[in-house]
Amino acid sequence: MCRHLGYLGPAVPIAALVHDPPHSLLRQSYQPRDMRAGGTVNVDGYGVGWYPEPGGPAVRYRRAGTLWSDENLAALSRVLRSGAILAAVRSATTGMPVVETACAPFTDGRWLFSHNGRVVGWPGSVAGPAAALPVTDLLTLDAPTDSALLWALVRARLATAPPTAAVASVVAEVAEAAPGSRLNLLLTDGTVLVGTTWTHSLWVRSGGGAVTAASEPLDDDPRWREVPDRHVVTADHSTVDVQPMGRS
């Protein structure tokens, strides 16, 4: 499994989410509270995506290894500010490569994407959904992993569907093809944040023109609310909408 978070709101330093809170993403990398038998730590890579200019393309920084050993990112995160951030730490599924390109966030233009979970029966179980993609999409996956394929599937849907529908339809298709999979996804383009709960946790905090979604609460703020399982969250700076998805 992994841990991830997404933020929309007034511009803040990246460190305000990734490094500084009492239960920051940094702490979750080595002392997570809720892995649900999906590993013990998240030390196989990490990444951060943000938007230097509102409305502009996303910028991504990712590495294999441990978040706490990256002193450069720790320093940069205190001066880099953004009104939209997506970050993740990785616990690699057994048999999948521990390489930089396997780490979230995955990106294309303004989009940032992350997956917390695993696809059961990979890769054979999702051969059907994968076959619907253009061959060039398969040949240019960031890495031979379930998360990279999920991103390719979502990205293809975004060409014809709004973000929530694109994400929810991929979760439904993959859950049907690979029952028992864990499919917590996060997607943002800097203006909207979409997240799913499918056999793992997601918490949301909103207020003051900002919304944060995270695998685990970053602090003891009473505004954190857990999203029920099999739900999709769509949020912007002022609204949070939570809707159920079908069961598999």
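Aspartate 70 touches Tyr46, Tyr61 and Arg63, not counting residues up to four places away in sequence; contact means heavy atoms within 4.5 Å. The model is predicted: local features need pLDDT of at least 70, side-chain atom pairs count only at pLDDT 80 or more, and totals for chains, interfaces and linings use all residues. Residues are numbered from 1 along each chain as its sequence is written, and side-chain values use heavy atoms, with hydrogens and water left out.

Aspartate 70 lies in the loop between E3 and helix H3 (71-76). Helices (H or I, at least four residues) and strands (E, at least two) are DSSP runs, numbered from the N terminus. Aspartate 70 is buried yet has no salt bridge. Buried means under 20% relative accessible area, exposed means over 50%, and partly exposed is in between (1.4 Å probe, protein chains only). A salt bridge is a side-chain nitrogen of Lys or Arg within 4 Å of a carboxyl oxygen of Asp or Glu. For aspartate 70, the nearest side chain of opposite charge is arginine 63, 5.2 Å away. Here Lys and Arg count as positive and Asp and Glu as negative; His and the chain ends are not counted. A polar atom of the aspartate 70 side chain lies 2.9 Å from the backbone nitrogen of leucine 73. For the backbone nitrogen of asparagine 72, the distance to a polar atom of that side chain is 3.2 Å.

Glutamate 216 is placed in the loop between strand E10 (210-214) and E11. Its relative accessible area is 2%, so glutamate 216 is buried. The side chains of glutamate 216 and arginine 3 are joined by a polar contact of 2.7 Å. A polar contact is a pair of N or O atoms within 3.5 Å; within protein, one must be able to donate a hydrogen and the other to accept it, and residues adjacent in sequence count only if both atoms are side-chain atoms. Not counting residues up to four places away in sequence, glutamate 216 touches several residues, among them His23, Asp34 and Trp203.

The structure holds ten salt bridges. One of them joins aspartate 142 to arginine 60, with the closest N and O atoms 3.7 Å apart. This pair links distant parts of the chain, 82 residues apart: aspartate 142 is in the loop between helix H5 (135-139) and H6, and arginine 60 is in strand E3. Aspartate 142 is partly exposed, at 28% relative accessible area. Arginine 60 also counts as partly exposed, at 31%.

Arginine 205 forms a salt bridge with aspartate 219, the closest N and O atoms being 2.9 Å apart. Arginine 205 also forms a salt bridge with aspartate 221, where the closest N and O atoms are 3.9 Å apart. Aspartate 221 lies in the loop between E10 and E11 and arginine 205 in strand E9, so this pair ties together parts that are 16 residues apart in sequence. Both aspartate 221 and arginine 205 are buried. Through shared partners, salt bridges join Arg205, Asp219, Asp221 and Arg223 into one network.

Seven strands form an open sheet in the order E3-E2-E4-E1-E10-E9-E11, with antiparallel pairing. Two strands pair if DSSP finds at least two bridges between them. Strand E1 (residues 2-13) and strand E4 (residues 81-90) pair over nine bridges. Valine 12 has serine 82 in E4 as its bridge partner. E9 and E10 pair over five bridges. Arginine 205 is the bridge partner of threonine 212 in E10. E9 and E10 form a hairpin with two residues between them, and glycine 208 in the turn has a positive phi of about 65 degrees.

The largest nonpolar core has 32 residues. Such a core is a set of buried Ala, Val, Leu, Ile, Met, Phe, Trp, Tyr and Cys residues joined through side-chain atoms within 4.5 Å. Phe113, Leu150 and Trp151 are among the residues with the most contacts inside the largest core. Helix H6 (146-158) is one of the elements that give two or more residues to this core. H6 gives the most, with eight residues. A second, separate core of 21 residues includes Leu17, Val48, Ala87 and Val89.
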